[in-house]
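Keep the 3D view open and follow along.

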Amino acid sequence: MRESKVIAPDLLDWYDRHARSLPWRVPPGGGPADPYRVWLSEVMLQQTTVAAVKAYFLRFTALWPTVQDLAAADDAQVMAEWAGLGYYARARNLLACARVVAARGGFPDTRDGLSALPGIGAYTSAAIASIAFDRVETVVDGNVERVVSRLFAVQTPLPRAKPELVALADGLTPQSRPGDYAQAMMDLGATICTPRSPACVICPVQAQCDARAQGIAAELPRKTPKAAKPTRQGVVWLARQGDALVLEHRPPKGLLGGTLAFPSAQWDGRDMPPPGPADWRDLGAVRHVFTHFTLDLTVLLGDLTGNPTRGELVPLRQIDRDALPGLMRKAWDMAQPHLQG
């Protein structure tokens, strides 16, 4: 049985002096956090870095300052603003959740109530309940897993260690200021207890860290080696007619679901024909790395000899590159010299 630890006093004292300034965060002592802003930031931060999210968050909250505003937004506009953040199911769930919350008059203030909303899982519900409503909940993200694994020198590799790390983190969570404590743990992992070269000498809880005492902090957490990602092949058609290209909305579910994209096939399990007859030119291939596979996508450009059989023609001057998902931006960029000629 592991020895219990009490780190909250030292950690909160450090957080009061060194909390990161983030656009969605209320600083220590600044009053209650807006659950809408906490929820929006947590959804955006899933599988994405803080640096990448900041601009998206500021743009979203400028366009839709409240959850009621987001609930009333046009689906296509939200998907376009989300482009580049990836994991597009999050954007679909974002809209679904906003509409449920707006209809009920606000966010529930408990973890169970939050978990019942579309797209909100165990981590996000705990984070919102803790940060926005100061509920005593254990919030465990990647940063917290790393901190806890080092504090207790947990040798079990991830992901097998997750249940043990959650249980240990639960034993550290204080009854007072749980929201600030949750954010302090995140900040500790992001700024001091980093994946490589942790700054142990300035860590506010170094005296209680078993991994530091054993000289193995940089080796933890251990991780089970990942299997090599498979590579898929596919094709994307940039079908031109005059000064316009064919674009289509992808199916609402599945890879890049609901986004505006050039017609494509094969890589996503869809055996679709080209969007019409043309003398297709092979411009080369772009590579894109998804969570579970790597994609080599052949980019074909052609002038249609008739009307498109799928999608719709959009004038080149009206195509917003930033509204396209990252994969399609790569195809667009490859085709630019040929479209301008």
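Strand β5 (residues 281–289) pairs with β6 in the antiparallel sense over eight bridges. Two strands count as paired here if DSSP finds at least two bridges between them. If you look at R281, you will find L301 of β6 opposite. Four residues lie between β5 and β6, and the two strands form a hairpin. Strands are DSSP runs of E with at least two residues, helices are runs of H or I with at least four, and both are numbered from the N terminus.

A word on what you are viewing: this is a predicted model, in which local features need pLDDT of at least 70 and side-chain atom pairs count only at pLDDT 80 or more, while totals for chains, interfaces and linings use all residues. Residues are numbered from 1 along each chain as its sequence is written, and side-chain values use heavy atoms, with hydrogens and water left out.

Now turn to the other partner of this pairing story. Strand β1 (residues 231–241) runs parallel to β6, and ten bridges join them. Here R240 stands opposite D303 in β6. How enclosed is β6 itself? Eight of the ten residues of β6 (residues 294–303) are buried, so this strand is largely enclosed by the rest of the structure. Buried means under 20% relative accessible area, exposed means over 50%, and partly exposed lies in between, using a 1.4 Å probe and protein chains only.

Next, find helix α11 (residues 178–191). Its 14 residues should span 20 Å at 1.5 Å a residue, and the end C-alpha atoms are 20 Å apart, which agrees; the expected span is 1.5 Å times one less than the number of residues. Twelve of those 14 residues are buried, so α11 is largely enclosed by the rest of the structure. Among the buried ones are P178, Y181, M185, M186 and L188.

Finally, step back to the whole chain. The protein chain has 13 helices and seven strands, and its C-alpha atoms fill a box of roughly 75 × 45 × 30 Å along the principal axes. Of its 341 residues, 49% are buried. Among contacts (heavy atoms within 4.5 Å) with a separation of 6 or more, 68% join residues 24 or more positions apart.
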